[in-house]
Amino acid sequence: MQLTLINFFKKTVPGHIFRGKRRLIKPVSKRAMETLRRDYERQEQNMLWLRHPYLSVEESSGHTKELGKAAAKIAMWNDRHTLGTMKPHITIEERLAHLKVKEAWD
């Protein structure tokens, strides 16, 4: 009974508390402002690194050719063992071959 009375006279926002016309607005705290400031500083530092890259465009155009990663990936896909583990390609004709009983039309 006492809990019911407390809930009955409690002043709350009607409906969802964070949406709508009479929503509950959380006050801005110093901790939230500091977190936002740190996020902006981190984003600005990232943008600085992106504006001034380590390699120039000419240097970065062919720096992975010597590593041979692309050639190794192509060789891996062409490997017989890898192709043997994959399922074979199936065409629609092969899938629907059981429907083809005879060619004559009535």
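How many residues apart are Asp 39 and Arg 42 in helix 2? They sit three residues apart, about one turn of the helix. Helices here are DSSP runs (H or I, at least four residues), numbered from the N terminus.

A word on the model: it is predicted, so local features need pLDDT of at least 70 and side-chain atom pairs pLDDT 80 or more, while totals for chains, interfaces and linings use all residues. Residues are numbered from 1 along each chain as its sequence is written, and side-chain values use heavy atoms, without hydrogens and water.

Now to the charged pairs. A salt bridge is a side-chain nitrogen of Lys or Arg within 4 Å of a carboxyl oxygen of Asp or Glu, and by this rule there are four. Three of them are listed here:

| Glu 34 | Arg 37 | 2.7 Å |

Shared partners join Glu 34, Arg 37 and Glu 41 into one network of salt bridges. Glu 34 and Arg 37 are separated by about one helical turn because they are three residues apart in helix 2.

How open are these side chains?

Leu 48 and Glu 66 are 18 residues apart in sequence and 29 Å apart in space, C-alpha to C-alpha.

Terms used
Helices (H or I, at least four residues) and strands (E, at least two) are DSSP runs, numbered from the N terminus.
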